[in-house]
Amino acid sequence: MSIAYKPQEIEKKWQEIWEERGLYRSVVDDSKPKFYYLTMLPYPSGDLHIGHWYAMTPSDAQARFYRMQGYNVLFPMGFDAFGLPAENAAIRRGVHPATWTYQNIENMRRQLRSMGAMFDWSREIVTCEPEYYKWNQWFFLKMYEKGLAYRKKAAVDFCPSCNTTLAREQVVGPERVCERCGTPVIKKDLEQWFFRITDYAEELLDFSKLEWPERVKVLQRNWIGRSEGAEVVFKTEQGDELVVFTTRPDTLWGTTFMVMAPEHPLVEKLISPGQREAVEQYVADTRRMEDIVRESAEREKTGIFTGAYAVNPVNQERIPIWVADYVLMTYGTGAIMAVPAHDERDFAFAVKYDLPIRVVIAPPEWDGQPLTEAYSGEGTMINSGELDGTPTPSGIKEVISWLEERGLGKKAVNYRLHDWLISRQRYWGTPIPIIHCPNCGVVPVPEDQLPVELPTDVTFRASGENALTYNEDFLHVKCPLCGADARRETDTMDTFMDSSWYHYRYLSPHYQDGPWDPEEGAYWLPVDQYTGGIEHATMHLLYTRFFTKVLRDLGLVDSDEPMLRLFNQGIILGEPRDGDFVQVTGSWSGDALVAAKIQVLTQAEGSYLDRKSLPPYKIGENGVQGEVWHRDEGGIKVRVLGGDDEEHIVVVNAQEAAVEIGGQPARLADLHMHLEVEKMSKSRGNVVAPDVLVNKYGADTVRAYLMFAFDWQSGGPWNSRGIEGSYRWLNRVWSLVFDDSPVPDGEADPADVRQLRRKTHQTIRKVTLDMKAFAFNTTVAALMELTNLMRKLQVTPVRGSDAWKEAVDNLILLMAPITPHIAEEMWTGIGHEFSVHNQPWPVWDETIAQEETMTLVIQVNGKLRDKIAVSVGIGEEEARALALQSKAVQRHLQGKTVRKVIFAANKLVNVVAK
RNA sequence: GCCGACGUGGCGGAAUUGGUAGACGCGACAGACUUAGGAUCUGUUGCCCGUAAGGGUGUGGAGGUUCGAGUCCUCUCGUCGGCACCA
């Protein structure tokens, strides 16, 4: 073993050589099948996170695998460069968003290169470049022409902290907070731009052309929220039409009142004079109420009678119209028919306001008594005139035809999905290419004037207000139609616009005559494999599907779907750790301890403390001994365990405390607090920095570990010891391949040779199948198994055999996608030609991989009693005889009679006895 | 509340889809080499009883189907994720 494995040297070397030789430049080549492998592009936040590595390096390995299998693989990378953090940095630190962004990109490019991934950098895109966002604007204009982009005044969710509107899916949780900063959103009435994604709602529910995880499809289906029912037209006594949507038209005869959303435009007109003041007060109160309060389901419903009446079209009954906050303007028509007997919410409302409840669906075996709660199950229609007696499922259909015949209503489908709100009141985004002219109104910027560039000389206000709104140069423009002084639209586009089509721009990032070069498109599209996090299930992945359908309808692409196959990787969580064990002395102030001195008795490094070697937990008169459970600027919490594992958390005020670690003075911030398995975050201090790992172990180790240690789909907690295992493995492989000690004398044992060949071919088979199936952890495990066998045979004459060479070559080839640098170094190092990455993927020989002998499992009554080595393909008779001869079997058969013998070929014999 | 996913050693995770549970790795324990080792190498390692041979038990829990269940069915508990007055 003449040379040591020095990943830092060989990785840098090969990355440069691959780059120089253009090894991963992908060009259209009709002689090869194409494979467009796409992994989600990062936001340039500053540093590459271990999560980026976790998402990208297994993807890279799979892309490399396809490449060696003979595909022409495109594996591009870029930066999702517009967005709020850049602007916030500008405000906080006075750096221009562009400067901040490009500095981060520069750094992240370096970090990305350190992965050794096969990214084709000649196709890199940066979405904040005018040559990129010009096409955002172009698409916007095309959509505007087709009526797919429109402007309307709407009550929109607005984040007062980010000072911008949010799309519906950017408002999260029952508290309805801003996804980015956690501030509760407020409602604002603003003129906003929307994309008509609802036009495609039905088509977006069709996943038949997609090989996507069921999870994602379910999330999208829920998000689109399709429900079938009917629209029924009620008339008010004033003669206005009041349309309602219902999924249960069969309960129409049970409508005893109607409810409108407080925001419903007709409310104003309906109010009777006597009720005017009260209703207006109610509407105003509701509108002022925050959504958090209003939309909490537990809250008791409130409402008020408008004084107006409507007529139920099915039975001409006069029913009161109420206004209530439990009806939402944003769903259906903003008005409902209330059927208290068969709807929980209506029931509660009717009880509260003493409104009539009429049963029209008789529950099975109903005794005719008044209901104590709403019955929404199946039953038989009653009190419904000529339709009495119709059972529930068919009743719905029958009522719909009944309504349609009489022109009272029609079958209808409703979606929860809203149009996509794309306006953002922010500077760092794509300007919406629209001009507001006092004479002509809304005027699109002519195509030949694109891009509308973001001005660079802008000043940022601490409030976060859109800098474009007071940038005079940007603002003032002549109307392209009439030449009058006009004003530019200052809203910019949601950044999801950028990521909705970036996979098209990768094809030709600098192409001038269109969003991409159609020739490239004809070859590479659509994306064959997409990988990324599940968190994008309803936003990015729905928008990008919508976008492709729009592009298809514009005649730009042939496919209905952007990405045929999707795989979601999980996330890497923080490593759990015990906190430091400390001895705190000070004085008590109530329940809290005011510390004078905090001594760390041991500093935990990554793993749990050994309790045995520590002093006991203690709460005393002048201090405590225990584990640092939590730490913040003001102090710590110390966890003390009592005799029965009873837990006490002591709050320690450490403002005035002297901190000592190992006898040395230290800062409070140096104390390690207890960490659970939880998301990595700077504040918790459990972030793993890939750069540090690369410096210590090399990229190949990090790649191998990330692929080996987790089920890729699930992710899991980081383990700083675990990565050592992968490093050991690579070192062992290295010393196996570069073993230049003399080969042991003698003849190689043919059985060993056979065993090695068999294992080699089995490994090729396993790795090939598992790589395809995203089972990366078992792929690496298989390679480790082969390594382990080789290490056993390394000290025997087998090392001089052809089987050994075969094993070494194949091991290197199979490792190439996973650990590209060491594989290249070993491949060329044993005299093969550059590059290992241009080699064809090895093929296994099924007959060599075949086992000759196997372990026949012998069971008695289903319990394992013996194992016998037999040759593969042993017949039933023979197996049965062997089983019955087994001493262990005979022992267990004593006093029993054999009833039956089950034989499972190449598996086991089960003797059933009583 | 509704929808979905998941529960396997001290830990991360395997299990050809109904046929040897725990591959591979981490950790732990023992030993070798070493001035030393948190390097490297060898061995052991689900739990319980037993010196051993051997036996019992074991995939969140309870039941069921089957010659045989981590895998299929029913119920149940727990964890996580999504949606949530959606008419």
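Among the contacts in chain A between residues at least 6 apart in sequence, 71% join residues at least 24 apart, where contact denotes heavy atoms within 4.5 Å. The model is predicted, so that local features need pLDDT of at least 70 and side-chain atom pairs count only at pLDDT 80 or more, whereas totals for chains, interfaces and linings use all residues. Residues are numbered from 1 along each chain as its sequence is written, chains are lettered from A and ligands numbered from 1 in the order in which they are written, and side-chain values use heavy atoms, with hydrogens and water left out.

The chain comprises 27 helices and 41 strands, taken as DSSP runs numbered from the N terminus (H or I, at least four residues, for helices; E, at least two, for strands). Its C-alpha trace spans about 110 × 85 × 80 Å along the principal axes. Of the 914 residues in chain A, 53% are buried, that is, under 20% relative accessible area, with exposed set at over 50% and partly exposed in between (1.4 Å probe, protein chains only). Chain A carries 100 positive and 128 negative side chains, the centres of the two sets lying 4 Å apart; Lys and Arg count as positive and Asp and Glu as negative, His and the chain ends not being counted, and each charge is placed at NZ of Lys, CZ of Arg, CG of Asp or CD of Glu.

Helix α2 (residues 50-68) has 19 residues and reaches 27 Å from its first C-alpha to its last, close to the 27 Å expected at 1.5 Å a residue, the expected span being 1.5 Å times one less than the number of residues. Of the 19 residues of α2, 18 are buried, and the helix is followed by Gly 70, whose phi is positive, near 105°.

Helix α20 (residues 722-737), with 16 residues, reaches 24 Å, close to the 22 Å expected. Its buried residues include Trp 729, Leu 730 and Trp 734, and what covers the buried residues of α20 includes α1 (7-21), α22 (776-793) and α23 (802-815).

Lys 142, located in helix α5 (residues 130-145), counts as buried because its relative accessibility is 17%. Leaving aside neighbours within four places in sequence, Lys 142 is in contact with Glu 447 and Leu 554. The side chains of Lys 142 and Glu 447 make a polar contact (3.0 Å), defined as a pair of N or O atoms within 3.5 Å; within protein, one must be able to donate a hydrogen and the other to accept it, and residues adjacent in sequence count only if both atoms are side-chain atoms.
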